[in-house]
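Trainee: I am new to this structure. Can you show me how to read it, one feature at a time?

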Amino acid sequence: MARRQWFLPSAVAAELDPDRATGRTGRHKRTVRDWLVDFACFLIAVFLGLVISDEVQHNPTVSEGWAALDHLLGALACAGVWLRRRWPVGFAVTMVAVSLLSNTAGGAALVAYFTLAVHRPWKYSAWLVGAAVVLMVPFYWWRPDPDLPYVLSIVLTSLFAATTVAWGMFVRSRRQLLLALRDRARRAENEAALRAEQAQQLAREAIAREMHDVLAHRLTLLSVHAGALEFRPDAPREEIARAAGVIRESSHEALQDLRQVIGVLRGGDADASGRPQPTLAALDTLVAESREAGMKVVLDLRVPAPESVPAAIGRTAYRIAQEGLTNARKHAPGAEVTVVVAGVPGEGLTLSVRNPAPPGEVPQVPGSGQGLIGLTERAALAGGRLTHGGGPGGSFAVEAWLPWA
């Protein structure tokens, strides 16, 4: 990145990298590009000055003493080009005044107009160039060009000045566009990060709600039996043993429910009617429903007994497959989707949902874009991992690994 900034204007490089070093007076240090451009501007001013100097030398209306002063002011103006970045307005105003006395300073004046248009808003250039054009009227009356008519001299000089200012304004607009695109990209990245954080926060809030719903019954049962033992210490031994067994069993079930609910990220996962949540054994039904909806789905289920997969892991795998099929139906309609599920106890459960590029045009489908973020969080809270991304030829894949003890 630092090497790339060598070939950017110092003002743009400083905007792209605020930590970039500045000079002792707070000005941005010149980059390699700045030095090259400044040297080119100096050469242009010198070249134009030499060309005009020859014309002044052979102008019969200019005395020898005035020609010497013209050449001296032109040389000083060319040397002043190196100060154009530090004082663009002051340098341009000085060149307007010097141009009234020296034709040789014309090249340096054009460089000054260009610099002003690049570094300051257009109104500065409009006022100064307008003043310079007005002052050309008495100047060419006082020192006419022996080879050009009076009106043509004014028109050509005005055209050169206007063209130079227009070029400078174009350069300024390009720089502003670059910085605007940079700011837009930075805002988009910040907004995406904020949306991701909000999605994770909503997922954690959903976990808290489901923990309350699922564990409230277990914990209430534990409290009732523990309270009975506390207030009836003289109960028969068999009754105490039975209550202790209920407490132990309820505690074990509460722990199992806690492990299951950690993997749940959305309040909509649980059916409000109280029906059991889907597990890996319901994957065939999910695929069948997708096929009935017109999707081309190939299911490769390499788990001998899907019902043996723990409920929490099976439910997480089911939700990942469900989200993968939903995304494929939205973003790759008509493409064949392949769902592969494999695993054995002790090695974990792997699941992948892959689809190639869509065969035709994809209609615009609204969506929050947070589904994969929620699935990644779900897999992480279950002790696993999930990756997703595009592949060659426009394909897309979602791959997950979940622990299966």
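Mentor: We will take confidence, then the record, then the sheet, then charged pairs.

Trainee: What is the average pLDDT of the protein?

Mentor: Start with the kind of model. This one is predicted. The protein averages a pLDDT of 77. Of its residues, 76% score at least 70. Residues 19–26 fall below 50, and that stretch has 13 contacts in the model beyond near neighbours in sequence. Residues 265–275 also stay under 50. For them the model has 20 contacts beyond four places in sequence.

Trainee: Which residues does UniProt list for "transmembrane region"?

Mentor: The unreviewed UniProt entry lists residues 35–53, 65–83, 89–112, 124–142 and 148–170. Now set two of those spans against the model. Residues 35–53 are 100% helix and 0% strand, with end C-alpha atoms 26 Å apart. Residues 65–83 are 84% helix and 0% strand. Their end C-alpha atoms lie 28 Å apart.

Trainee: On to the sheet. In what order do the 5 strands stand?

Mentor: First the general idea. Strands of a sheet pair through backbone hydrogen bonds, either parallel or antiparallel. Here the order is S1-S2-S3-S5-S4, in an open sheet with mixed pairing. S1 and S4 (385–390) stand at the edges with a single partner strand each, so one side of each has no neighbour in the sheet. From one strand to the next, the twist averages 10°.

Trainee: Which strands run parallel, and over how many bridges?

Mentor: Look at S1 (residues 296–301) and S2 (residues 336–344). They run parallel and are joined by 6 bridges. Valine 297 stands opposite valine 337 in S2. Leucine 301 faces valine 341 of S2 in the pairing. Between the two strands comes helix H11 (residues 311–331); S1, H11 and S2 make a left-handed β-α-β unit.

Trainee: And how many bridges join S2 to S3?

Mentor: There are 7, and these strands run antiparallel. Glycine 343 is opposite leucine 349 in S3. S2 and S3 form a hairpin with 3 residues between them. Glycine 346 in that turn has a positive phi of about 95°.

Trainee: In what sense do S4 and S5 pair?

Mentor: They pair in the antiparallel sense, over 6 bridges, with S5 covering residues 396–402. Histidine 388 stands opposite valine 398 in S5. Glycine 390 has phenylalanine 396 as its bridge partner in S5. This hairpin has 5 residues between its strands, and glycine 393 in the turn has a positive phi of about 75°.

Trainee: Last topic. How many salt bridges does a search of the whole structure find?

Mentor: Side chains of opposite charge can pair when their charged atoms come close. The search finds 4 salt bridges. One case is arginine 84 with aspartate 38, where the closest N and O atoms are 2.8 Å apart. Arginine 84 lies in the loop between helix H4 (64–80) and helix H5 (88–99), and aspartate 38 lies in helix H3 (residues 32–57), so the pair ties together parts 46 residues apart in sequence.

Methods. Residues numbered from 1 in each chain as written. Predicted model: local features only at pLDDT ≥ 70, side-chain atom pairs only at ≥ 80, totals over all residues. Heavy atoms only, no water. pLDDT = per-residue confidence, 0-100. Contact = heavy atoms within 4.5 Å. UniProt positions renumbered as here; feature names shortened; annotations may be inferred. Helix = DSSP H or I, 4+ residues; strand = E, 2+ residues; numbered from the N terminus. Pairing = 2+ DSSP bridges. Right-handed = clockwise from strand over helix to strand, strands pointing away. Axes fitted to C-alpha atoms, helices over the stretch in contact; angles between N-to-C directions. Salt bridge = Lys/Arg side-chain N within 4 Å of Asp/Glu carboxyl O.
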